Amino acid sequence: MIPLNTDTEFTMNGYRYNPLEIENKWQEKWELGHSFKATHKDSRPKYYVLEMFPYPSGRIHMGHVRNYSIGDVVARLKRMQGFNVIHPMGWDAFGLPAENAAIKNKSHPARWTYENISYMKAELKKLGYSYDWSRELATCHPGYYKWEQLFFLKFMKKGLVYRKKAPVNWCPKCLTVLANEQVEAGVCWRCDSVVEKKELAQWFLRITSYAEELLEFLDSLSQGWPERVIAMQKNWIGKSTGMEINFQVEGLDQAIRVFTTRQDTLFGATFMSLAPEHELVPELIRDSPDKDRIAGFISNVSRMDQISRTSENMEKEGFFTGKYCINPVNGEKMPIFIANFVLVEYGTGAVMAVPAHDQRDLEFARKYHLPVKVVVQPEDGSVLSSELESAYAGPGTMVNSGQFTGMDNEQFKEAISDHLEQRGLGKKTVNYRLRDWNISRQRFWGAPIPVIYCQKCGPVPVPEKDLPVVLPQDAKMPEDGRSPLPDLQSFLEVECPECGSPGRRETDTMDTFVESSWYFARYADARNEQQPFDREAVDYWLPVDQYIGGIEHAILHLLYSRFFVKALRDLGYMDIDEPFSNLLTQGMVLKDGAKMSKSKGNVVDPDEMINKYGADTVRLFCLFASPPEKDLEWSDSAIEGAYRFLNRLWRLVMELLPELKPVGPCADMDHDALEPEEKALRTKEHESIQKISRDMNDKFQFNTAIAGIMELVNAIYLFKDESKDSPNRREVLSSAVSSVLTALSPITPHICEEMWSKMGYDCPLSQSLWPKYDSRALHREEVLVVIQVNGKLRSRISVPADVSREELKVLAQNDEKAIKHISGKEIVKMVIVPQKLVNIVVKD
RNA sequence: GCGAGAGUGGCGGAAUUGGCAGACGCACUGGACUUAGGAUCCAGCGGGAUAACCGUGGGGGUUCAACUCCCCCCUCUCGCACCA
């Protein structure tokens, strides 16, 4: 319920703050006036502000409201500061929930999706965001995914796409495979099911061929991106430099290739550990008497789910294959083991075990009574023996290392690398943790992968002229949750474009992260039907100057998008290296200390809040309660506070309305001619604009910017009651009120527009310019100076701003309160900070 | 274990980067107006015998002066984690 305002002052001009009425009115005006439509034929500098587009799940939630309110403030602010701003919005519209809803409602996923989009679009409009809706896109529209399919074909031609049969991550609940990035601690990123391994032929994007560039360019982002996002990406790419070394298998014409970053410990390698899935394993165990037991062990391990297999307290286990390999530097025989902790995906799937200098190898060696050989002695004087309790991984001097004994291990690392390379026993390599991106999904509601399997020609790309491969409208979703495509003859049956024989369409669709990897580029030219986007438009608008979204996309979406931009650049579609120059990761919206969720029953519905308080109040609360990167705790009383502030401002302006004139914010006037209170207010106004501009622009600290606005409002309240009537009173008041409305307008645009127009302005605030403070107005005649004695605050005095250091010294020493603390003591020193502070240092 | 960040009143949070700790707001207390107050206005609001003094997670240090810089430690949040 909106509290009914009946107080006399409030209604005296007949205007009551009615948020919904005002908001409707201005939203309509903006829409009819195409106020936020952007075009690249413009001489102003461009500014691209983008918020991560939403999945059309049904309703907007508070997380969206916060995200989009932050973005809208940036957009409106930059517009007022003279930029040509593009601020688009669209829908990340493919994905599994639509399929589930379709099964439930016995309809088509498209229907649910488009209904949600229209509902949520109305919600966004009610919040008054300054989007250029003419660029709206939905990724499930063939007009969008057609170009994605084109990119797929271009990638294919360039060797950036390949199909391979591989053990892949399978989510038993989503009935589809997942990319490595989508498996979090062994469970599905979306539904938390434990992920299984499955052997399937899948389509991969060769993101690893950009691994080095993706890593290197992180440095160029360090100014504009949060450090932790960069750290997470670095970590994910996981570069390590080392060597690949070959170990000849005894009695076989085969070598085992290992990857190591500690080639300096090669003399200490006493056995070999292979991943159970290593390709040589079958051959190595063929003649083993233990063959069956080993095979059982291998199938046990490889069938294990990711969680238990990679958990820390998993017991290290292995089996001896019965075979040996030869240490290339000392010719020693090393037993070959199969070990459950060796990962086939990383490095070469084989590890040279150096128990003295690697904790895992040590544990394994102790368990199976394998030799431990120290080859690096620490330089602190302690002497390690093979009895050591924990492995030593630090630096030191080489021992037991043939002719290299006595060398520093770091130098030796270089020496042994050259030594091995010269003899053809190994080579220096760089290894990445990053894997290629599996984009195949066994789902219906996604962009079809444009490939046809021909009985004769094999997989054949769909010719570009036949794009898009459209998702069938007549598909019926099977009850069991599988994709309908593999059973849909009308979709499936097709002629081979190369030889004309019967072919079958690929039924896998693309990972939905593919759509979100390039949507920001499509916004530059969203209605283009000839090509993905016009080169001129993309060159003008991209990169995104400010990207805003949740930290949960720190790796997935941001890494994929960076990869896409680099790949599209190399295909000649654009000329930038990175998509997002600046990134702001906003915190979550919490209620009772937890993320809002239906299951916890702590959801606050934005619609309800808008109906109760209006969009301006909801926006104000979201921006005021916490700085953007931090989590925001929802508070019913704090939103009341935001509403109260807007009412208070409304009352102030309505009361003063008869006096106010459209003089503009920070209006020019003869400062010296003003009364003292007028000077004070004018100075406060200009100081506030200085502070607010700084907080908003440089730091996106909207919370402190709003605090600054509130202070200015408080100052106006004081002024209106205390100042005398004078020739300049109206100008001073009008300017200050105009500054408040202008500065607040990016945050609460509707109420500000309304009061602005009531003040008599013709040009709407949304098209006005951000005020410039006059540094002359910042000058105060009197300043407050703090007096300390031995660093402790003792007094405050008001002095003329231009007082000299000497005068200040005298004033401070003669200050009554200061005298109490210095009398009878010797003044050792006086520290003067002009206009601020005097510190008198005394001793007894 | 590695990486990133945080720790300030009853609460959310400020502090121009070394110069008045607690801006702004919420909550609370007292008062005014009032049939009424959940509206509004005024005042107060870190602790403390309202005096000294003590206070920014703890302990040291640098400095005339430390929330801020340096060293050690504790706690919490997030991410990664048997990565060879």
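Student: In which helix is Phe491 found?

Tutor: Phe491 is found in helix H14, residues 489–492; helices (H or I, at least four residues) and strands (E, at least two) are DSSP runs, numbered from the N terminus. This is a predicted model, in which local features need pLDDT of at least 70, side-chain atom pairs count only at pLDDT 80 or more, and totals for chains, interfaces and linings use all residues. Residues are numbered from 1 along each chain as its sequence is written, and side-chain values use heavy atoms, leaving out hydrogens and water.

Student: Why is Phe491 called buried?

Tutor: Buried means under 20% relative accessible area, exposed over 50%, and partly exposed in between (1.4 Å probe, protein chains only). Phe491 has 5% relative accessibility and therefore counts as buried.

Student: Which residues does Phe491 touch?

Tutor: Not counting residues up to four places away in sequence, Phe491 touches Pro448, Val469, Val470, Pro472, Leu485, Arg505, Glu506 and Thr507, where contact means heavy atoms within 4.5 Å.

Student: What makes Cys191 partly exposed?

Tutor: Its relative accessibility is 21%, so Cys191 counts as partly exposed. Cys499, at 37%, also counts as partly exposed.

Student: How do you know that strand S1 is mostly covered?

Tutor: In S1 (residues 46–51), 6 of its 6 residues are buried. Lys46, Tyr48 and Leu50 are on one side, and Tyr47, Val49 and Glu51 on the other. In a regular strand the side chains alternate between the two faces of the sheet.

Student: What makes S1 and S2 a pair?

Tutor: Two strands pair if DSSP finds at least two bridges between them. S1 and S2 (residues 84–86) run parallel and are joined by 3 bridges, with Val85 in S2 as the bridge partner of Tyr47. S1 also pairs with S24 (residues 546–550) in the parallel sense over 3 bridges, and Glu51 stands opposite Ile548 in S24.

Student: Why is the unit of S1, helix H3 and S2 called right-handed?

Tutor: A crossover is right-handed if, with the strands pointing away from the viewer, the path from the first strand over the helix to the second runs clockwise. S1, H3 (residues 62–80) and S2 make a right-handed β-α-β unit.

Terms used
Chains are lettered from A and ligands numbered from 1 in the order in which they are written.
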